[in-house]
Amino acid sequence: MANLTRHGIQSIRVIVSTQGDFYCNSIYPPMETNENDLLRLSYRKIDFMLNATRQYNTETSKLKVVMVLSNFWHWTGGLSYYVNTTCVDSTTEHIPCIGVNGTEEEYIAYTRKFYSCTKAREELKKLFYNMANHVNEYSGKKYMNDDAIMSWEIVNEAIPNADAAIFRAWAYDMVSYMKSVDTNHLVTIGSMGTKFDPEFRTTHEISGVDYITCLLYTSDAADE
């Protein structure tokens, strides 16, 4: 943290939830679990990180955290976990893990089911509500009131449906819900950019979206 503030960096972006149990090589331990000790341990690490940003802030450089709520990709569980546990018969329709039992295209098609699955969408709202209301054991503040947080990013690298209207309807619903719970922080969707979202600008004109995200990988830029 000291090195970051010393170099004038003002924000860090952290994925703050994990789901599932070793499926598709996902990170362990998962935050969303019935084993409460693991859940408390995960929260304690986030609490510590948020508190550390305050300790190293200076008058000229104040470090804030972008809290990434979930992930389109399988390595933290993310949206495909919710699809698998609420939207499909998981005994017959397995997650197509990239390089294991499926291709990237198959995984994307599977995970896109999240945006139109009401039960899966409600699970993500529940995660946000619980996290926004969690009290940091170091500061005594709920995350929704924690000034160490800059913003919430809903999904890391959210890839829209082929039908962009479905994606926008989900984004509007989720952003509206988050703003009703937490009125203190910025919210963004987490889109990658125009490569995966041809209607990128229209998507980000949704009421409640405070800023845009665009991830640029140098290898992709070189190819294009």
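Analyst: A pocket is an open set of points on a 1 Å grid over the protein atoms alone, with protein on both sides within 12 Å along at least five of seven lines; lining residues have an atom within 4 Å of a point. Volume is the space filled by probe spheres (1.4 Å) set on the points.

The model is predicted: local features need pLDDT of at least 70, side-chain atom pairs need 80 or more, and totals for chains, interfaces and linings use all residues. Numbering starts from 1 along each chain, and side-chain values use heavy atoms, without hydrogens or water.

Now the pocket itself. The second largest pocket has a volume of about 210 Å³. Its lining counts 13 residues. Nearest its centre are Met31, Glu32, Thr33, Leu127 and Asn130. Helices H2 (36-55), H3 (78-86) and H5 (118-132) each give at least two residues to this lining. Helices are DSSP runs (H or I, at least four residues), strands likewise (E, at least two). By class, six lining residues are nonpolar, four polar and three charged. Here Asp, Glu, Lys and Arg are charged; Ala, Val, Leu, Ile, Met, Phe, Trp, Tyr, Cys and Pro are nonpolar; the others are polar.

Take H3 next. Its buried residues (under 20% relative accessible area, 1.4 Å probe) are Gly78, Leu79, Ser80, Tyr82, Val83 and Asn84. They pack against strands S2 (64-71) and S3 (149-156), and against H4 and H5. The axes of H3 and H4 (104-111) come within 9 Å and cross at roughly 65°. Leu79, Ser80, Val83 and Asn84 of H3 make the contact (heavy atoms within 4.5 Å) with Tyr107, Tyr110 and Thr111 of H4. That contact holds four nonpolar residues, three polar and no charged.

Compare the largest pocket. About 260 Å³ of space lies in it. It is lined by 15 residues, and Ile15, Thr18, Met31, Ser42 and Lys45 are the closest to its centre. Strand S1 (11-15) and H2 each supply at least two lining residues. H2 gives the most, with five. Ten of the lining residues are nonpolar, four polar and one charged.

Glu157 sits in the loop between S3 and helix H6 (164-181). Its phi is near 55°, a positive value in a residue other than glycine. Glu157 counts as buried because its relative accessibility is 8%.

Key: Axes are lines fitted to C-alpha atoms, for helices over the stretch in contact, and angles run from 0 to 180 degrees between N-to-C directions. Buried means under 20% relative accessible area, exposed over 50%, partly exposed in between (1.4 Å probe, protein chains only).
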